[in-house]
Amino acid sequence: MGAKDEAAFEAFVAARSGDLLRTAVLLTRDRGHAEDLLQTALVKAYRRWNRIGGDPYPYVRRVLVTTAASWRRLRTTQEIVALPAHEYATPDGTDVVDERQRMTDVLATLPPRMRAVLVLRYTEDLSEADTAELLGCSVHTVRSQTVRGLARLRALLGAGAPSIVLEEC
Amino acid sequence: MTISDTELEAGLRSLRARADEIPPPPSDLARRTRERYRAQRRSRAALAAGGLVALVVLVGVPVAASTILTGEGQTATPSGHTSTPATRTGLYGLPTRGDLADDEEWLAAVTALDWGPVDTSLLPAGMEVPDPSVGSRRVAFAGDVASGRVALVLGMDGRNLGFAWFLGPEDAEPDEMALATMPGVVGADGFLGLVDAPSPDALEQSLIVVATPGDTMTWKGPSIVSASGEVDEQTVPLDLDDGIGTHEVSVPFTWDVDVRGPGNQRRGGSLTDSDRSRPGGSAQGIPADVAIADPRGLATMTVRDNAAYIARSVLDEYALGAADAQPTLLAAGPLGVRGDMFGELYGLTHLSGATEVWLTTYVPSRPDSGFQISRFPPAPVGQALMDRVIAVSAESCLLVSAPEGVQAQVLDRAGVVLTTIPLTQGAGAGPMNDPNASKVRVLDAAGSVVGEGPVTRAGE
């Protein structure tokens with residue numbers, strides 16, 4: 001990579017890695033894994049940096065999301081159990097924070113692609129079409145996963161404290 | 001009290017504010033990224049030096065059993081072409097594994113389950129389904145996974161090692177177990193895998209792999225093809241415990257499972273999806289339908305079920321829907337001067353706009369001999385699939401797809417015309433056995449050049 005591309009990559013990381021990390025945290029729930037996911041996506045982007053036309057952000061975000069949706073799913077139960085403790089603030093007793101914590105917890109129990117759909121649609125404010133394009137699926141799939149995802153959130157939130165669905169057979 | 005969608009959506013949006021509170025990424029992230037990239041590059045260079053880079057993928061796909069065979073030299077066919085285990089070797093010689101391995105009564109009852117009925121009217125001519133004697137059967141694996149109870153039964157059917165997957169609800173009694181899909185045959189040293197889900201619209205599927213203790217396994221997740229035509233692959237190691245792997249994988253499944261035995265040798269084997277998990281709900285191994293565009297009216301020449309099945313496996317490799325990628329029949333015709341081989345050329349368009357083609361070849365008179373698929377590297381964005389001039393050489397023949405034109409001149413490097421192939425609506429097939437063929441020049445009815453493209457050889 002030439003000096004010009006190196007500089008552009010540096011500038012991109014400085015400007016947009018914060019946004020990407022926030023998305024990664026929402027997708028993985030864990031700060032450590034989010035950083036790993038972000039770096040994985042950045043490595044892939046770096047590998048073909050001079051061939052990414054226009055704004056690299058959509059490309060890197062797509063790699064980040066698709067990597068999370070497929071790669072994360074394949075971790076074994078043991079690895080998931082061994083995740084480092086969450087770095088989030090303990091609920092401080094205020095309703096807003098408690099509600100967010102509960103929402104974070106139940107969101108983390110959803111299957112990765114369903115979680116990705118909800119994160120992209122509601123925290124990234126992407127349209128159904130943009131979400132479908134980013135995930136490489138149809139708008140119909142995005143729509144159906146959104147409906148099912150909300151239904152599962154409703155059931156889990158209504159049932160009180162969520163139980164983590166372990167990713168094993 | 002029921003939580004409304006609006007409240008749920010507001011709750012999800014509030015997470016953005018929570019994410020905004022997290023500390024920023026490390027200030028040296030760009031440097032760390034570069035170091036990781038360089039470490040990976042060194043690792044890949046080492047792999048390439050070891051000769052482990054595969055450039056061409058050729059996968060044999062049998063007609064029935066909805067089974068993708070993997071690996072080289074292990075093309076199991078549904079009737080009569082499999083090596084015979086001299087004794088109980090491979091999976092057949094191993095003790096039963098899984099949660100139910102010690103439940104002798106349950107295992108005995110499962111070995112007695114019927115390997116039919118199979119609606120043979122749905123099978124291509126010449127296709128046979130193994131049905132070993134009960135006395136030769138043994139259970140290779142039995143246990144509970146996320147999608148329910150699974151049992152893999154093996155048995156000798158003449159000289160062939162037959163296998164049948166059975167499924168039931170969790171904690172199922174033997175009489176609650178039913179065939180997952182059509183039984184098949186496998187090489188003596190092969191592995192066996194089942195992809196199952198309770199329904200076709202499940203978001204995850206259970207992958208159950210039964211291999212030899214000590215084997216290793218990797219899975220290639222959905223690949224992304226960039227606008228430049230580069231394929232971004234993700235290979236993930238999967239655990240095999242005592243040769244058994246049970247994992248939950250995202251949908252659609254890419255089917256690219258690589259099992260390695262002693263000396264890191266790739267094992268042949270069979271991956272089968274259950275009928276109940278298959279989109280379209282097709283029964284007994286007949287592939288689900290995938291809409292394949294046929295702008296040139298060639299579909300009547302093709303074997304549609306197999307084309308749909310192969311298209312689906314290609315789409316799944318990239319986690320693409322047919323509506324998004326629009327698989328298209330580009331050309332079809334007999335291959336070779338003997339006319340005993342037939343070729344079908346297909347293509348699709350990736351979300352990035354890059355396009356990709358594949359060639360399916362088979363012998364129509366021998367449906368049990370299976371199919372060969374030749375895949376070609378994606379082409380970068382620039383020309384739409386139907387606008388490309390594609391010329392594929394296979395079996396002493398050339399298949400051509402062009403946007404228009406009535407004939408394709410086949411040229412060598414010096415520009416000398418070697419032969420001419422007639423085209424209809426830009427598509428055609430004809431004999432071409434000259435190794436010097438370099439490119440095709442497409443002409444319209446007035447003799448004007450409407451396009452040119454390189455000759456690509458299948459298998460290279």
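These legends describe close-up views of a predicted model.

**View 1. Helices α1(A) and α2(A) pack against each other in chain A.** Helix α1 covers residues 3–28, and helix α2 covers residues 31–47. Their axes lie 9 Å apart. The packing angle is about 140°. The two helices are therefore oblique to each other. Their crossing is right-handed.

**View 2. Helices α6(A) and α7(A) cross in chain A.** Helix α6 runs over residues 112–123, and helix α7 over residues 128–135. Their axes come within 10 Å and cross at roughly 140°. That angle makes α6(A) oblique to α7(A). The crossing of α6(A) past α7(A) is right-handed. On the α6(A) side, the contact is made by R113(A), A116(A), V117(A), L120(A) and R121(A). On the α7(A) side are E128(A), T131(A), L134(A) and L135(A). By class, the contact of α6(A) with α7(A) has five nonpolar, one polar and three charged residues.

**View 3. Chain A meets chain B.** In this interface, 63 residues of chain A are in contact with 59 residues of chain B. The two chains bury about 5600 Å² between them. Carbon and sulfur atoms account for 58% of that area. The interface of chain A and chain B has five salt bridges.

**View 4. R154(A) and D5(B) form a salt bridge.** The two side chains meet with an N to O distance of 2.1 Å. One partner belongs to chain A and the other to chain B.

**View 5. D171(B) has a positive phi.** Most residues other than glycine have a negative phi. D171(B) is not a glycine, yet its phi is about 65°. This residue lies in the loop between β5 (160–168) and β6 (178–179) of chain B.

**View 6. N264(B) also has a positive phi, although it is a residue other than glycine.** Its phi is near 60°. N264(B) sits in the loop between β13 (257–260) and β14 (269–273) of chain B.

Methods
Residues numbered from 1 in each chain as written. Chains lettered and ligands numbered in written order. Predicted model: local features only at pLDDT ≥ 70, side-chain atom pairs only at ≥ 80, totals over all residues. Heavy atoms only, no water. Axes fitted to C-alpha atoms, helices over the stretch in contact; angles between N-to-C directions. Helix = DSSP H or I, 4+ residues; strand = E, 2+ residues; numbered from the N terminus. Parallel < 35°, antiparallel > 145°, perpendicular 65-115°, else oblique. Left-handed = near helix turned anticlockwise from the far one by under 90°. Contact = heavy atoms within 4.5 Å. Buried area = accessible area lost by both parts, 1.4 Å probe. Salt bridge = Lys/Arg side-chain N within 4 Å of Asp/Glu carboxyl O. Nonpolar A, V, L, I, M, F, W, Y, C, P; charged D, E, K, R; others polar.
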